[in-house]
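Q: I would like to learn how to read a protein model one feature at a time. Please give the general idea first and then the case at hand.

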Amino acid sequence: MKLCRWGRNGFEKPGMIDAQAQLRDLSGIISHIDQETISPRGLAKLKKTRPESLPLVRGNPRFGVPYTGISKIVAIGLNYADHAREAGQPIPAEPIIFSKATTCIIGPNDDVVQPRNSTKLDWEVELAVVIGTKAQYVTEDKALDYVAGYTILNDVSERSFQLSSSQWDKGKGFDTAGPIGPWLVTTDEITDPQNLDMWLDVNSESMQTGNTKTMIFGVAKLVSYCSQFFTLLPGDVITTGTPPGVGMGKKPEPIWLKPGDVMTLGIKGLGEQRQRVVAAK
């Protein structure tokens, strides 16, 4: 299934995407999509619904974050070897974990606001793992059983904030730094999260191309690893790192985002995002 939320910010309705990638109105079946909806029990109920039986939503409505109730975003740094090299960092021996503040979350096509005093705004297309079942001390061989599905996250980063200290959070969690969506695609449709093409363009120029098969630590490892240190709750997001091609790594000079720039990005089977960069007011 492909689940989504659509409509004005704060007034989103639940939706489902049909086989022709058309938006269908799910509000006659459920009133919202939250942690309960994406639990195994909730998803099993929704599986009985045929998207083609739902009302077609016409026009081009705004997409919101695909579901509500994200208690934390666990982010993984330098998880593609070639990205680590372009960042001038050693290949990590174990996953590097940092957090993105939940106040950074926006819809997949909402504006990204360049924060005040920002000079090095950057992009990162990432596969985001959505937890469906509470996970504590999970073994790697069972880890994917705790996953509800997958979505796209643009890990928008302010490098001058990020690299001013040993902790990255302040360069990763500013408002609008976490576009998520457009869809939550359940695991029955993404049976192998380690073979997904991904890309990101800026102003129609290709910046990133990659595939999740080149991750250093795969999805199952990351879910298991994180669950050894903190509880993963339904709705929590693990965003799994980015392939090479970020602005910071461009040669001969880095490329930084500025107001007016447009990022478009996508992952095979998960849809696409589009954000315009605007200046802080």
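Q: Which residues in α4 are buried?

A: A residue is called buried at under 20% relative accessible area, exposed at over 50% and partly exposed in between, with a 1.4 Å probe and protein chains only. In this predicted model, local features need pLDDT of at least 70 and side-chain atom pairs count only at pLDDT 80 or more, while totals for chains, interfaces and linings use all residues. Residues are numbered from 1 along each chain as its sequence is written, and side-chain values use heavy atoms, with hydrogens and water left out. Helices (H or I, at least four residues) and strands (E, at least two) are DSSP runs, numbered from the N terminus. In α4 the buried residues are V219, A220, L222, V223, S224, Y225, C226 and S227. Helix α4 spans residues 219–227, and eight of its nine residues are buried, so the helix is mostly covered.

Q: What covers the buried residues of α4?

A: Here one looks for contact, meaning heavy atoms within 4.5 Å. The covering elements include strands β4 (73–77), β5 (96–100), β9, β10 (147–154) and β16 (237–239).

Q: Which residues touch the most other members of the largest nonpolar core?

A: A nonpolar core is a set of buried Ala, Val, Leu, Ile, Met, Phe, Trp, Tyr and Cys residues joined through side-chain atoms within 4.5 Å. The largest one here has 72 residues, and V223, I238 and M263 touch the most other members. Strand β9 (residues 125–131) gives the largest share, six residues. Domain 1 (1–62) and domain 2 (71–277) both contribute residues, so this core lies between them.

Q: Which residues does I238 touch?

A: Not counting residues up to four places away in sequence, I238 touches V74, I76, L127, A128, V129, I131, L222, V223, C226 and L232. There is also a second, separate core of five residues, with A75, L78, A84 and F98 among them.

Q: How many Å separate the centres of domain 1 and domain 2?

A: Domain bounds come from an automatic or database domain assignment. Taken over C-alpha atoms, the centres of domain 1 and domain 2 are 24 Å apart. In the contact between the two domains, 12 residues of domain 1 meet 17 residues of domain 2.

Q: How much area do domain 1 and domain 2 bury between them?

A: The size of an interface is often given as the accessible area lost when the parts come together. Buried area is that loss for two parts, with a 1.4 Å probe, summed over both. For domain 1 and domain 2 the value is about 1,100 Å², 56% of it on carbon and sulfur atoms. On the domain 1 side, M1, K2 and I38 supply 45% of the area buried against domain 2, more than any other three residues.

Q: Is N154 buried or exposed, and what relative accessible area does N154 have?

A: N154 has a relative accessible area of 0%, so N154 is buried. N154 sits in strand β10. Leaving out residues up to four places away in sequence, N154 touches several residues, including W123, E124, V125, A177, M263 and Q275. N154 and D122 are 32 residues apart in sequence, and their C-alpha atoms are 9.9 Å apart in space.

Q: Where does E52 lie?

A: E52 is in the loop between α1 (40–46) and β4. Its relative accessibility is 35%, so E52 counts as partly exposed. Leaving aside neighbours within four places in sequence, E52 is in contact with D18, A19, Q20 and R24.

Q: What kind of peptide bond joins G181 and P182?

A: One looks at the angle omega. A cis peptide bond joins G181 and P182, with omega about 15°. P182 is in the loop between β12 (178–179) and β13 (184–186). Another cis peptide bond joins K251 and P252, with omega about 5°. P252 lies in the loop between β16 and β17 (262–267).

Q: What phi does Y137 have?

A: Y137 is not a glycine, yet its phi is positive, about 50°. Y137 is in the loop between β9 and β10 and is exposed, with a relative accessible area of 61%. S204, also not a glycine, has a positive phi of about 70°. S204 is found in the loop between β14 (197–202) and β15 (205–211), and at 73% relative accessibility S204 counts as exposed.
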